[in-house]
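Subject: Structure handover

Hello,

Here is the structure we talked about handing over. Please open it alongside this message.

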Amino acid sequence: MPFPKFRLVKREKISPTFRIFLPFIAIGVSFIFSSIIILLAGKNPITAIYSIFYGALGTRLGFLETIVKAIPLILTGIAVALAFTGKFWNIGAEGQFYAGALAATYVGISYLNLPNFLYIPLLLLVGFIAGGLWALLPGFLKTYLKADDVVTTLLLNYIMIYFVTAILEGPWRDPETMWPQSIRISENAIFPKLIERSRVHFGLIISILSVIAVYILIKYTKLGFSIRATGANPKASNFLGIDIKKTILITSIISGGIAGLAGVGEVAGLHYRLTENISPGYGYTGIVVAMLGGLNPFGVLLSAFFFAIIITGAQYMSRATGVTMFMADVIQGITLLVLLAMLIFYEYEIRRVE
Amino acid sequence: MKDILTVGFFIGLLSATIRMATPLILATLGEVVCERSGVLNLGIEGIMLYSSLVAYLTVYYTNNLWLGVLTAIIVGILFGILMAFFSVSLGVSQHVSGLGITLFATGLSLFTYRQIIGAPTIPPTIQTFKTLTIPILSQIPILGPILFDQYILTYIALILVPVFAFLLYRTNFGLSLRSVGENPEAADALGINVYKTRYIALMIGGALMGLAGSFFTLAYFNMFLYGIVGGRGWVSIALTIFANWDPKRVLLGALLFGGIDALQLRLQAIGFNIPYQFFLMMPYVLTIVVLVLVARNALAPSSILKPYKRE
């Protein structure tokens, strides 16, 4: 069996244009693969993909809903991007999202006697802290006890979601409807709307500020340098006098905190209460968002918007064409894999081996 | 409370322990094979889910249980090849390619089920494997009903433990596999094809994960549910570390977690004044605790996470 006929040969120079265009090529290629799957399901891929874009961008309502969906994705995407930059494998954004949502709901349904300009920052603060602490636990387990962060962050997602379910089916159950959801949060805790006749809320500003803040953090601060160095080469970082343990712990808090903010936004900006399925997997989509955005905060902003198009548009597509909206999940997986396959072209080119 | 401490309760508990350990034994053996060759396969959760669905659909349409097992194994092998393409041929991040495969396979499971079965209020059921009572042996008091009244997939899982211990430590292939995982440069110098060995390891690992997946829909439940695997793939990753990458210890770890799973189900049924979700959490909490206890002394295959590039 002649095994590898082609070999990857190291490139001498990577063109920066190519680097920027690669994600777009990846999206194109992943649509080709997605089309094959839609064809196998006996549907027309062209109308299906057209209806995704039409549903997400073609109407005022669709476009604004896409922005609403982008808000949590920007935040979970940034959370994952920051963690991955420091090689803290935070796959736990989903759990941290719920931790943030839970804490914000607790404060929101306590009906504190506060005006909204104090209530909302308080919600954001407790949400950030809750998400941050939920991520600090695996950060601590990684640095001090050498427990694999991938496994711990993933398992903590299940634990947090069961915990939220226990609370919603128990003490917080809505006494009016008896559904497993909390009561409505205080009016003063609700995020203001940004656009008339839409659901676009203040969370958008929070998410864009987070993008800018993380960009500055990574690019221009000493901590950001430590995070990048720890991610690139922990051994060398040690020689440079960087406290790797401390860096990972801080990374985990900030990353989890930002994922927690995503949860706050969904509670205070969109649903005004906590429900069991408040996240349809935003934490996991955050991984794809972060990777497609090249772990760059502004890249994350764009890629979150792209996946918001897919998720919003898929709902329209399922009504219009009968292709289920789970196609959005398939596209996410395919895009990540295609992107990953193409990342290799950053460094290598394929040459035939004689 | 009194009826907990009866012989019947313990026989039921231990029998369920072995039953619930089955997918963990199979999947963890699969992960051990992958990691021993130097590749962390985080696709495990998604591979199990998709193969459980394919097994279910096969039986749904053909009523042939063994065909269901076979298709699940084939799905596992195909995903193993996909994982190998990323981690071996392209040599990209094993973390991200594994997660990518899990996300893709999970999405594909949701998509396939909804597209084929739709969203009925009661998921359609299939005829599953019956437990296979082994004559004579099952008559042994206490041990009989615990060990010899299980699903055939459980017996297969138990037999595969020594088989893989033998394969890894007593065969040339096992030696190649381990050397590729420990020191690929040296293995290559000795004439072992590192790429090929890793491809085969990921295919074998995938086959075991596929078999594990089939247990969920063809034995444990009689239907497909989106959360049917429920993180057991991630538990298997932890068990691989717990087992110190040794097939024999896989059995111990899987039984421990199968036991917790079986126990929490019974505690739920007894109905303490605690929300049932806290019992559901137990296996995950215990996994983290055990991981923390063993992590310091864990000695992973040296070349894990490192792609091999032949000069």
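Below are notes on the chain interface, the aromatic pairs and the salt bridges.

Please keep in mind that this is a predicted model.

**Interface between chain B and chain A**

How many residues of chain B are in contact with chain A? The count is 50, and they meet 47 residues of chain A. About 4,300 Å² is buried between the two chains. Carbon and sulfur atoms give 82% of that area. Eight residue pairs are in polar contact across the interface, with both partners at pLDDT 80 or more. Five helices of chain B give two or more residues each to the side that touches chain A: H3 (65-90), H4 (94-116), H9 (194-220), H10 (232-242) and H12 (276-295). H4(B) gives the most, with 14 residues. By class, that side of chain B has 32 nonpolar, twelve polar and six charged residues. Salt bridges between chain B and chain A number zero.

**Aromatic pairs**

Over all chains there are 34 aromatic pairs. Two in chain A are worth a look.

Start with Phe63(A) and Phe305(A). Their ring centres are 6.2 Å apart and their planes stand at 70 degrees, so the pair is edge-to-face. The pair links distant parts of the chain. Phe63(A) sits in helix H3 (residues 60-85) of chain A, Phe305(A) in helix H12 (residues 297-321) of chain A, and 242 residues separate them.

Next come Tyr215(A) and Phe298(A). Their ring centres lie 5.0 Å apart, with planes at 65 degrees; the cut-off for edge-to-face is over 60, so this pair is edge-to-face. Here too distant parts of the chain are linked. Tyr215(A) is in helix H7 (residues 203-220) of chain A, while Phe298(A) is in helix H12 of chain A, 83 residues away. Tyr215(A) has 22% relative accessibility and counts as partly exposed. Phe298(A), at 37%, also counts as partly exposed.

**Salt bridges**

The count over all chains is six. Three of them follow.

Glu65(A) pairs with Arg199(A), the closest N and O atoms being 2.9 Å apart. What does this bridge tie together? Glu65(A) lies in helix H3 of chain A and Arg199(A) in the loop between helix H6 (149-169) and H7 of chain A, so the bridge joins parts 134 residues apart in sequence. Glu65(A) is buried, at 17% relative accessible area. Arg199(A) is partly exposed, at 35%.

Lys142(A) and Asp149(A) also form a salt bridge, with 2.9 Å from N to O. Lys142(A) is partly exposed, at 22% relative accessibility. Asp149(A) is buried, with a relative accessible area of 3%.

In chain B, Asp246(B) bridges to Lys248(B). The closest N and O atoms of this pair are 4.0 Å apart. Asp246(B) is buried because its relative accessible area, 16%, falls under the 20% cut-off.

Best wishes

Key:
Residues numbered from 1 in each chain as written. Chains lettered and ligands numbered in written order. Predicted model: local features only at pLDDT ≥ 70, side-chain atom pairs only at ≥ 80, totals over all residues. Heavy atoms only, no water. Contact = heavy atoms within 4.5 Å. Buried area = accessible area lost by both parts, 1.4 Å probe. Salt bridge = Lys/Arg side-chain N within 4 Å of Asp/Glu carboxyl O. Polar contact = N/O pair within 3.5 Å; in protein donor to acceptor, adjacent residues only side chain to side chain. Helix = DSSP H or I, 4+ residues; strand = E, 2+ residues; numbered from the N terminus. Nonpolar A, V, L, I, M, F, W, Y, C, P; charged D, E, K, R; others polar. Phe/Tyr/Trp six-rings, centres within 6.5 Å; stacked < 30°, edge-to-face > 60°. Buried < 20%, exposed > 50% of the residue type's maximum accessible area, 1.4 Å probe, protein only.
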